[in-house]
Amino acid sequence: MRIKFGTDGWRGVIARDFTFANVERVAAAIAAYLSEKSQAARGAIVGFDNRFLADKFAEAVAEVLLRWGIPVYFPERSVPTPVVAFGIRHYQTGGAVVITASHNPPEYCGIKFIPEYAGPALPDVTERIESLIESPPSPPAGVGRALRHPFRPQEDYFAHLLRLVEGDKIARASLKVVVDPMFGAGIGYLEEVLRRCGVSVVTIHDWRDPLFGGDLPDPVPSRLGELAAKVKETGAHLGLALDGDADRLGVITGEGHFVTPNQVLSLLCYHLLSYRGWRGPVARTVATTHLVDRIASAFGVATKETPVGFKYLGKLLREEGCLCAGEESGGLSIRGHVPEKDGILAGLLVVEMTAVHGGSLWRLWEEVREKFGEVVSQRRDYRTSAEDKERILRVLASWAESREELAGQKVVERITMDGVKLVLADGSWVLVRASGTEPVFRVYVEASTEEKVDRLHETVKAELGL
Ligand SMILES: O=P(O)(O)OC[C@H]1O[C@H](O)[C@H](O)[C@@H](O)[C@@H]1O
């Protein structure tokens with residue numbers, strides 16, 4: 001079986017593709033990669049989430065690395081992906097492997113590889129690992145078995161987070177927050193760091209359940225009913241949910257509104273630029289709201305656009321001094337933190353914004369909307385057959401070449417870094433791309449009203465035969 005890394009790691013169905021034999025093949029390729037990059041002696045962290053057998057798969061990975069002479073840092077229990085990324089810097093390791101399928105359904109598992117730069121692996125790295133999987137390497141001759149160390153970064157991670165937020169302001173606001181780690185690896189992190197900031201915390205779904213209560217550990221509105229109910233019942237200011245490996249965040253306000261990741265990112269840009277007075281470019285993916293651009297330009301800073309995938313945003317955080325970076329799918333990070341998306345940090349920042357803006361995130365959103373104008377963003381996903389996929393890709397190629405109008409509007413820009421994005425004369429836009437994590441096409445639309453968004457969605461659907 002050919003193993004391919006998608007938008008963020010390799011994912012497969014447990015027992016069908018995701019078998020111990022395949023996991024060991026990937027582990028050997030990663031060991032060979034670390035060796036050829038002269039990173040082996042620094043060792044690697046092996047983390048895992050709360051999925052079925054994830055700890056056992058992690059043991060199998062650790063065993064391969066140890067046989068390759070690579071020291072392994074191994075946690076006592078599941079650990080969030082961003083904490084593993086933080087651990088790379090903290091323990092100065094040559095990289096990390098995380099056994100996780102993030103927010104995928106319970107029958108999935110996966111492997112993320114994080115190189116020594118502490119952000120998701122870029123394509124040049126994963127392509128090299130893929131080719132090493134195909135030509136199975138063996139450990140260099142004469143290499144001895146390496147040592148295994150405990151991985152316990154929690155206290156240092158909390159101290160680091162508390163340096164990134166204004167804990168005193170949070171403490172003074174006397175907030176109440178409901179935290180929902182969705183049975184995942186984030187259990188014990190967000191609630192703990194919030195309590196240390198003096199927040200009164202209520203938790204739900206804070207025990208390991210490899211079936212995630214019978215659904216996906218994905219903090220989207222359809223999965224946050226119990227969180228919303230708990231926010232209402234307890235009169236909390238906020239409800240915060242983490243996905244399965246705690247790198248993404250879902251937000252419910254005290255008024256009961258779901259705040260989309262596009263809105264959270266826009267609020268964060270505004271907060272960092274206005275309240276904190278930070279300066280520097282802002283980074284977003286091609287699928288993320290242009291409200292971010294409007295806010296950035298009002299403060300005289302640039303916006304940088306990347307393909308979908310936090311790996312590209314991580315690179316900008318590392319190399320371009322961006323003050324924050326985030327994406328429509330719910331991941332963000334800020335300057336001073338690891339270049340990996342972090343739902344725990346995002347949760348703390350949302351609490352900070354709520355605290356310093358009078359206890360209501362929704363009021364802050366209304367302020368932003370008033371200042372920068374109405375923006376409606378919506379994504380629709382379409383499952384297609386392999387034949388349809390080919391046909392749609394051909395149509396998209398022609399759009400990329402020469403599409404001049406859409407729904408009666410002039411196309412003013414065609415962006416082809418990931419799928420095809422058409423920017424229209426009135427500032428609205430449409431992006432169509434094949435997902436790198438699911439067998440679907442994603443259609444993203446942004447415009448000034450719901451009616452315009454609907455119309456653009458219907459036009460694209462009809463034209464592409466979705
Ligand atoms: O749209 P896709 O290719 O499925 O990617 C959706 C998301 O997948 C993963 O969660 C990646 O870590 C994200 O960076 C990406 O935005």
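On a 1 Å grid over the protein atoms alone, a pocket is an open set of points where a 1.4 Å probe fits, with protein on both sides within 12 Å along at least five of seven lines, and its lining residues have an atom within 4 Å of a point. The model described here is predicted, so local features need pLDDT of at least 70 and side-chain atom pairs count only at pLDDT 80 or more, while totals for chains, interfaces and linings use all residues. Residues are numbered from 1 along each chain as its sequence is written, and side-chain values use heavy atoms, with hydrogens and water left out.

The second largest pocket is lined by 17 residues; Phe5, Gly6, Thr7, Lys311 and Tyr312 lie nearest its centre. Its space is about 260 Å³, a volume being the space filled by probe spheres set on the grid points, which are joined across faces, edges and corners. Helices (H or I, at least four residues) and strands (E, at least two) are DSSP runs, numbered from the N terminus. The elements below each supply at least two lining residues.

| Element | Residues |
|---|---|
| Helix H4 | 123-134 |
| Helix H11 | 310-319 |
| Strand S20 | 429-434 |

H4 gives the largest share of this lining, four residues.

Ser360 sits in the loop between helix H12 (343-356) and helix H13 (361-372). With a relative accessible area of 4%, Ser360 is buried (under 20%, by a 1.4 Å probe, protein chains only). Apart from neighbours within four places in sequence, Ser360 is in contact (heavy atoms within 4.5 Å) with Glu255 and Thr354.

How values were computed. Buried means under 20% relative accessible area, exposed over 50%, partly exposed in between (1.4 Å probe, protein chains only).
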